[in-house]
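Here are some friendly notes to read alongside the model. I have put them as numbered points so that you can check each one on screen.

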Amino acid sequence: MRKNIVAGNWKMNLNLEEAKSLAGELKAKLDQLKTGLVGDNRSIPEVILFPPYVYVTRILDLFPNYQGLSVGAQNCHHEDHGAFTGEVSAHMIRSVGATHVIIGHSERRSQFGEVDLLLAEKVKQALKHGLTPVFCCGEMLPERENGNHFQVVADQLQKGLFWLDKAQLGRVVVAYEPVWAIGTGVTATPAQAQEMHAYIRQLLSDTYGEAIAQQTSLLYGGSCNAKNAAELFSQPDVDGGLIGGASLKADDFFRIIQSF
Ligand code: PGA
């Protein structure tokens, strides 16, 4: 059975106090959920927080040995170490206890020129150092309007991931994030999300076999919020979400966590 996952991508937001208080509020709510004090604790997804690099260890410290909650980084460099001023390697991220890393977010692709081949190197680094890559793919609006969205996503997966062997691919989480839906308040409809997720799962099945395809978690991202999460997550191939804006408010994020 594949895992349901709700991940919070905090991007470049919050100062340290705000970040700690968001994580603390979330922990209190999760504690209540786990002990059955609030809500239904039969379908709690795995929760992953992606704070900015500088807060990673501070957030980890708030959740020592906490079952079902992981902390990751929003990016990593494609080399192990070296003269790369300002960069952070997968090795460093793993060494502080983080377990996940986002690779190929559309903001990295469009604002920092990260191309498919570089992303493939980053995936390699992440896996080499024992991090779970959350690999993002998704089309831009004109590409969808031209009917090219399936091809764009297939290409991104082909170049970024499909050179991995089966065992490696089995350690990857895929996030489908249509660029036109990120931070815009325009969400893909549940049908659009399902259609693309089913397509991605079919690609995985064609390339790696049905077993791997069925075990890979596929997350939806792009203006997912407390109101639309339940309908999105009820789609058969949507296994959770990568949440930006709505992950910055403990109440909203917690409601998304409870949306399965
Ligand atoms: P959003 O961002 O939820 O604010 O649209 C999602 C993401 O960029 O991962």
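1. A salt bridge here is a side-chain nitrogen of Lys or Arg within 4 Å of a carboxyl oxygen of Asp or Glu. By that criterion, the structure holds 15 salt bridges. Please keep in mind that this is a predicted model.

2. Let us start with Lys-11 and Glu-107. Their side chains form a salt bridge, with 2.8 Å from N to O. The pair joins distant parts of the chain, 96 residues apart: Lys-11 sits in the loop between β1 (5-9) and α1 (16-34), while Glu-107 belongs to helix α4 (residues 106-111). Is Lys-11 buried or exposed? With a relative accessible area of 19%, Lys-11 is buried, because the cut-off for that class is under 20%. Glu-107 has 23% and is partly exposed.

3. Lys-11 also deserves a look from the ligand side. Which residues come nearest to the ligand? Of the 13 residues around it, they are Lys-11, His-105, Glu-177, Gly-183 and Ser-223. A side-chain N or O atom of Lys-11 is 2.7 Å from an oxygen atom of the ligand. For His-105, the distance from a side-chain N or O atom to a ligand oxygen is 2.6 Å. Ser-223 takes part through its backbone, where an N or O atom lies 2.7 Å from an oxygen atom of the ligand. On its own the ligand has 280 Å² of accessible area, and the protein covers 95% of this.

4. By class, the shell has seven polar, four nonpolar and two charged residues.

5. Glu-17 and Lys-20 form a salt bridge whose closest N and O atoms are 3.9 Å apart. In general, an α-helix has 3.6 residues a turn, so residues three or four places apart point the same way. Glu-17 is exposed at 53% relative accessibility, and Lys-20 is partly exposed at 27%.

6. Another salt bridge to inspect is that of Asp-237 with Arg-201, where the closest N and O atoms are 2.5 Å apart. This pair, too, links distant parts of the chain, 36 residues apart: Asp-237 is in the loop between α11 (229-233) and β8 (240-243), and Arg-201 is in helix α9 (residues 190-208). Asp-237 is buried, with a relative accessible area of 13%, and Arg-201 is buried at 4%. Both belong to a network of salt bridges that links Arg-2, Arg-201, Asp-237 and Asp-239.

7. Several of its residues are buried, including Pro-190, Met-196, Ile-200, Leu-203, Leu-204 and Tyr-208. After α9 comes Gly-209, with a positive phi near 100 degrees.

8. Lastly, please look at Arg-255, which lies in helix α12 (residues 250-257). Arg-255 is partly exposed, with a relative accessible area of 44%. How far apart are Arg-255 and Ala-226 in sequence and in space? They are 29 residues apart in sequence, and their C-alpha atoms are 5.5 Å apart.

Methods: Residues numbered from 1 in each chain as written. Predicted model: local features only at pLDDT ≥ 70, side-chain atom pairs only at ≥ 80, totals over all residues. Heavy atoms only, no water. Near = heavy atom within 4 Å. Polar contact = N/O pair within 3.5 Å; in protein donor to acceptor, adjacent residues only side chain to side chain. Areas by Shrake-Rupley, 256 points an atom, 1.4 Å probe, with all protein chains shown as cover. Nonpolar A, V, L, I, M, F, W, Y, C, P; charged D, E, K, R; others polar. Helix = DSSP H or I, 4+ residues; strand = E, 2+ residues; numbered from the N terminus. Buried < 20%, exposed > 50% of the residue type's maximum accessible area, 1.4 Å probe, protein only.
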